[in-house]
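Morning, everyone. I have one structure to walk you through today, so please look at the screen.

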Amino acid sequence: MKRIGLLLLALLTAGTFALAQVELNVFIGSRQNPDLLARLVAPFEADTGIKVNFQVGGNTSEVQQQFLNTVLQSKSDELDVIIIDVVRPAQYAAAGWAEPLNSYFESEQEMMDLLDQFLPGPVQADFIDGTLYAVPSYTDAQFLYYRKDLLEKYGFEPPKTWSEMVSQAQTIMAGENDPTLQGFNFQGAAIEGANCTFLEPLWTAGGDWRDANGNITINTPEGRKAFDFLLNTMDVGVTKPNIAETATDDSRKEFQAGDVVFMLNWGYVWARSQNDADSQVVNKVGVAPLPAFEGFDSATCIGGWQWVVSAFSNHKQEAFQLVRFLTSEDVQRVLAAEDSRVPARKSLYQDASVLEANPQYGQFFDVIVNARSRPVTPFYDEVSQLIRTTVNGVLSRSVGVDEALETIQNGLEDIVGN
Amino acid sequence: MDISKDTRSTHRQYPGFWKRLRSGNLTDRQLGFLLLAPALLTLAVVMLYPVLTVLWQSIHGEHLLRPWLGSPFIGLDNFRKMLWGRNMIWSPGHLLAWRILALAALPPLWWFVRRGRIGRGSAVGWTLAIIVIFGILMGFHPGEGGRWGDARFWNSFSITLVIIVISVIGSFAMGLPLALLANVDSPLRWLGRVALLLPWAMPRVFTGLMFAWLFQSDYGVVNDLLQRTGLNGLLGSLVDPQLLGSRGLLWLSRAQTAVLAVNITIIWKTSSFVALILLAGLQSIDQSLYEAARVDGANAWQRFWCITLPMLQPAVAVALIFRTLTAIQTFDIPFAMTRGGPGRTLETLGLYVYNTVTASNIGYSAALSVILFALSLAITLFYLRWIYTDE
């Protein structure tokens with residue numbers, strides 16, 4: 001009996017200590033490598049005495065956000081730090097879910113110095129009208145992957161314009177005479193990536209989704225040019241007619257099987273195509289900036305993830321400390337070297353340990369500095385759903401170009417105008 | 001305890017419910033309600049509360065991504081946006097639709113007159129009222145740049161109707177022969193019955209994913225079979241070249257073929273359910289009817305047409321109700337096969353509700369759910385009336 005009393009006392013004391021210690025709850029997705037992150041925060045826990053718990057949910061951006069929508073809508077304090085997709089900071093800012101971070105820095109100058117160390121693309125997404133809502137963790141972009149061996153065989157340089165790319169693909173397809181060889185592959189399924197499939201030709205034709213005055217500019221000659229280009233690749237046989245079924249990883253698999261000359265895809269493809277046992281294209285792959293239309297600049301879609309401090313957290317100061325730690329150069333170096341996360345900090349593109357593990361980052365840098373944000377709006381979910389389903393409709397030829405331009409134009413006016 | 005004595009005592013003294021409960025002296029009626037209470041309570045919590053919440057939400061503008069708007073009362077605004085244009089103007093230019101609707105209003109009225117339910121005078125009055133009301137409504141049309149309500153809603157509404165018509169008829173066309181086959185008196189009929197149960201027992205999403213692979217245009221089984229049987233060449237000369245890829249029909253990446261593929265899948269999945277119910281109906285038919293018909297010299301076709309079909313009618317009605325209701329709510333199979341694509345071709349009402357709610361537009365998705373509910377209710381009432389007038 002006495003012993004049980006002692007045991008209870010011991011448990012109670014332990015409980016009190018546990019209560020005194022600050023615990024931070026961090027939400028991440030299953031793709032963010034929870035084991036590695038848990039290992040990385042160990043020194044932070046030792047230094048500060050703060051306990052960090054990871055909550056893992058969802059393996060896509062959309063699934064994670066569906067969960068977070070309900071948690072944050074109820075103003076729950078159960079999460080302190082959250083990792084979010086690069087398309088979402090504007091939504092978090094407008095909804096009041098992300099704590100503005102300016103006042104946590106000692107001075108305005110300190111904040112600007114920090115932002116200067118990051119690439120412009122992620123900063124553009126996280127730093128909204130002079131307020132910092134998120135700090136970049138790692139970044140990503142769409143690249144033009146090409147078959148180095150085939151281009152060399154036919155004496156081609158990586159294409160600078162879309163029409164150059166199409167004609168190179170036609171020559172190679174005719175020369176190889178392989179019925180399974182596709183000239184140009186991209187994401188036509190109604191997934192998040194289909195937004196980029198439309199925005200990239202739109203940007204490289206000099207257009208954008210809205211102008212400086214906030215008017216929607218989809219139903220324009222540039223918008224038409226973007227759709228016409230995508231349809232034309234099918235008409236001339238460079239792109240397969242069922243591209244509307246192709247999602248991100250389908251493209252990767254077809255490219256990796258050696259069936260594709262040019263492909264638009266994200267950074268992860270490089271490591272897979274060079275390291276996978278079943279890859280047919282080891283040492284045969286090149287990466288280049290996206291082609292553009294004649295007379296315009298290359299542009300690409302930015303991806304990546306950011307850390308925010310929940311506005312409903314009870315430990316914001318500690319949460320901010322953790323965000324600073326997670327976005328520090330040391331942590332990002334390990335993420336890049338061990339987990340192939342494309343760094344958001346500029347300095348890491350010259351870092352020996354990073355480049356040793358990922359020699360492609362040297363080539364990535366030129367593309368990533370030109371990466372642009374998908375529509376920055378609090379209503380990104382709706383905008384994305386509208387664009388990607390319409391793009392899929394055009395590529396499956398169930399929606400005409402006129403109708404598609406009008407649908408996106410009117411839809412965006414409705415969504416953003418509300 | 002003598003019940004009759006007990007009820008008499010109720011009239012005399014009327015003790016309260018709690019007093020009776022304590023003394024174990026409840027009336028039948030009270031006891032009945034008491035026993036039903038847990039079930040009623042559960043139903044209220046899991047059915048009534050959500051239904052009322054959806055109704056409440058449908059008349060409030062609630063959008064999780066616009067939390068600063070709160071959830072203000074907006075009346076029928078969601079429905080106006082869905083069914084009606086934003087800026088409707090009235091003009092006599094749309095009188096054609098007016099006339100058609102006015103004509104459509106007449107037959108039911110005449111039917112009531114013939115049945116003697118209403119007099120000729122009031123029938124004329126009703127006709128005029130209908131013509132005027134519909135006329136005013138139909139004279140409205142979308143103004144400059146406007147549209148008739150939400151184009152996406154009308155798209156999902158019409159694809160839902162298409163799926164109802166094709167898949168319900170299809171599942172009966174497939175289910176009836178299956179039921180007859182399983183009812184044949186043969187030692188091998190268990191084989192037919194197992195085959196009947198399999199598609200029915202399979203989860204819908206699983207069915208959808210399986211058929212998505214079968215219909216895959218590059219390496220799917222369907223195109224492979226068409227190729228092997230030489231039908232691909234024939235198809236190539238018959239259909240629009242835009243529907244064809246290098247290995248046959250582009251099943252899931254063209255609108256027309258995707259509608260066909262999804263309907264085939266739904267028919268495969270649901271005809272076994274129809275067949276099961278019809279089989280139960282077939283087995284309840286008295287065999288002596290067939291014997292009597294044989295004695296009278298009726299051939300197989302006459303026996304089927306004059307005995308089997310009429311006797312099967314109650315089973316058909318039950319199957320029809322359940323099949324139509326599931327067809328209205330079609331969600332899983334198009335979701336698993338094409339996510340409602342290509343484009344929005346197969347975005348049924350159920351999928352539209354799902355897509356709207358996952359885009360955090362709670363108010364509008366509730367309004368869509370109300371329309372879906374109303375549609376289900378209308379069809380159920382129609383069938384119920386049909387069954388009961390038959391008896």
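How many Å separate the centres of domain 1 and domain 2 of chain A, taken over C-alpha atoms? The answer is 31 Å. Keep in mind that this is a predicted model.

Let me place those domains for you. In chain A, the assignment gives domain 1 as 2-140 + 302-372. Domain 2 is 141-300 + 377-417.

Now, where they touch. On one side, 22 residues of domain 1 of chain A are in contact; on the other, 16 residues of domain 2 of chain A. Which elements give two or more residues to the domain 1 side? In chain A they are helix H5 (89-95), strand E6 (135-141), strand E11 (300-309), helix H17 (361-368) and strand E12 (371-372). H17(A) supplies the largest share of that side, with 5 residues. By type, the domain 1 side that touches domain 2 of chain A has 10 nonpolar residues, 8 polar and 4 charged.

Next, the core. In soluble globular proteins, nonpolar side chains tend to be buried together. Here, the largest nonpolar core has 122 residues. Those with the most contacts inside this core are Val81(A), Tyr145(A), Ala169(A), Phe262(A), Val308(A) and Val323(A). Its largest share, 7 residues, comes from helix H18 (residues 380-395) of chain A. And this core takes at least three residues from each of the two domains of chain A, domain 1 and domain 2.

Take Phe262(A) from that list. What does Phe262(A) touch, leaving out residues up to four places away in sequence? Its contacts are Leu144(A), Tyr146(A), Met165(A), Ala169(A), Gly183(A) and Phe184(A).

There is also another core, apart from the largest one, with 54 residues. Among them are Phe211(B), Ala212(B), Val259(B) and Ile328(B).

Last stop: a sheet in chain A. This one is open and has 4 strands, in the order E8-E9-E7-E10, with mixed pairing.

Look at one pair more carefully. Strand E7 (residues 143-147) of chain A pairs with E10(A) over 4 bridges, in the antiparallel sense. Tyr146(A), one of the residues that Phe262(A) touches, stands opposite Gly286(A) in E10(A).

Notes: Residues are numbered from 1 along each chain as its sequence is written. Chains are lettered from A and ligands numbered from 1 in the order in which they are written. This is a predicted model: local features need pLDDT of at least 70, side-chain atom pairs count only at pLDDT 80 or more; totals for chains, interfaces and linings use all residues. A nonpolar core is a set of buried Ala, Val, Leu, Ile, Met, Phe, Trp, Tyr and Cys residues joined through C-beta atoms within 7 Å. A residue is buried if 20 or more other C-beta atoms lie within 10 Å of its own, exposed if 12 or fewer, and partly exposed in between; C-beta atoms are placed from the backbone. Domain bounds come from an automatic or database domain assignment. Two residues are in contact if their C-beta atoms, placed from the backbone, lie within 7 Å. Ala, Val, Leu, Ile, Met, Phe, Trp, Tyr, Cys and Pro count as nonpolar, Asp, Glu, Lys and Arg as charged, and the others, Gly among them, as polar. Two strands pair if DSSP finds at least two bridges between them.
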